[in-house]
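Please consult the sequence and the three-dimensional view while reading.

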Amino acid sequence: MKKIPEVTLLFWIMKICATTLGETGGDLLAQTLNVGYAISSLLFIGFFLVTLVGQLAARRYIPALYWAVILATSTAGTTMSDYMDRTLGLGYATGTAILITILIVVLGTWRMTEKSLSVSDITSRRGELFYWTAILFSNTLGTALGDFLADDSGLGFGGGALLIGSLIGLVILAHYFTKISSVLLFWIAFVLTRPFGATFGDLLTKPVEKHGLGFGTKGSSLILLAILVGLIIYTTSAHNRRPAATSTEPERFS
């Protein structure tokens, strides 16, 4: 049964909100509460595994459960990336290169075994596992890429968010005005929205003297959580009002 939401504009809004919350929430636990990247990563990976088991066991699309897994991959991705780049001392550039390689391997293996990377036609448990593995590493990659743009590239938080936002805009234009595969554009957009969330999250939380807005990890996380919960409630209500589908709809990017 269909357990993945349709890829609409609301999907991307919720995705950016969830990934930004993942950035601020991950930093809240690891930095503000001083839990550390290693312990935070273990806690968030545990949260991810619990929500993933629930998602795999579900027989239908449950918005709250689906977005809980997305949020879990985002928070786990934040602390995993920071652990690699900072605790292990790999640096943002090296960490980004490693994660790009891992993501390419995951997508390539998925394509070879399932014969498709489509997110609207996942019919096997193996396909689900590939889907969530790709999402986990794309969100981890996004954190490393976002931090690289914000800290090492000289662009700063605002400049990094502007660059990623511009790239996302190009992907949208490619969707509407070119014949590039919607599946390919989806995964490009999915990867790009994570560093956008990472840089936007840093922009919200970092102090003014570091070119941020100074809201802090606690305030930013509470605001983003409230927005995401509100969108989940709306999505659940809309989904429950919709009559059961009688045929498979083609995949849509937005």
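Which residue forms a salt bridge with R126? The partner is E114, and the closest N and O atoms of the two side chains are 2.6 Å apart.

## Basis of the report

The model is predicted: local features need pLDDT of at least 70, side-chain atom pairs count only at pLDDT 80 or more, and totals for chains, interfaces and linings use all residues. Residues are numbered from 1 along each chain as its sequence is written, and side-chain values use heavy atoms, with hydrogens and water left out.

## Salt bridges

Side chains of opposite charge can pair when their charged atoms come close. A salt bridge is taken here as a side-chain nitrogen of Lys or Arg within 4 Å of a carboxyl oxygen of Asp or Glu. By this rule the count is 3 salt bridges. Helices are DSSP runs of H or I with at least four residues, numbered from the N terminus. In the pair named above, R126 belongs to helix 5 and E114 to helix 4, so the contact ties together parts that are 12 residues apart in sequence. Three classes of accessibility are used: buried means under 20% relative accessible area, exposed means over 50%, and partly exposed lies in between (1.4 Å probe, protein chains only). R126 is partly exposed, at a relative accessible area of 47%, and E114 is partly exposed as well, at 22%.

E128 forms a salt bridge with K3, with 2.9 Å between the closest N and O atoms. Because E128 lies in helix 5 and K3 in the segment before helix 1 (9–32), this pair ties together parts that are 125 residues apart in sequence. Both E128 and K3 are buried. E128 also meets R125 in a salt bridge, at 3.5 Å from N to O. R125 and E128 both lie in helix 5, 3 residues apart, about one turn of the helix. R125 is partly exposed, with a relative accessible area of 45%, whereas E128 counts as buried at 10% relative accessibility. Through shared partners, salt bridges join K3, R125 and E128 into one network.

The expected span of a helix is 1.5 Å times one less than its number of residues. N34 follows helix 1 and has a positive phi, near 60°.

Helix 4 (residues 92–114) has 23 residues and should span 33 Å; the distance between its end C-alpha atoms is 32 Å, which agrees. Its buried residues are Y92, G95, T96, L99, L103, V106, L107 and W110. After helix 4 comes K115, with a positive phi near 65°.

## The second largest pocket

Pockets are found on a 1 Å grid over the protein atoms alone: a pocket is an open set of points where a 1.4 Å probe fits, with protein on both sides within 12 Å along at least five of seven lines, and lining residues have an atom within 4 Å of a point. The volume is the space filled by probe spheres set on the points, and grid points are joined across faces, edges and corners.

The second largest pocket has a volume of about 260 Å³. The residues lining this pocket are I100, L103, I104, L107, L117, L141, L145, V183, L184, W187, I188 and V191. Helix 4, helix 5 (125–152) and helix 7 (182–205) are the elements that each give two or more residues to the lining. Helix 7 gives the most, with 5 residues.

F190 is found in helix 7 and counts as buried, at 0% relative accessibility. R125 and A57, 68 residues apart along the chain, have C-alpha atoms separated by 9.8 Å.

## A nonpolar surface patch

L155, L163, L167, L170, I172, L173, Y176 and F177 make a nonpolar surface patch of about 780 Å². Such patches consist of residues with over 30% relative accessible area and no salt bridge, nonpolar side chains (Val, Leu, Ile, Met, Phe, Trp, Tyr) being joined within 5 Å and like charges within 9 Å. Accessible areas come from the Shrake-Rupley method with a 1.4 Å probe, and for residues only the protein chains shown count as cover. L167, one of the patch residues, lies in helix 6 (residues 156–177) and is partly exposed, with a relative accessible area of 34%.
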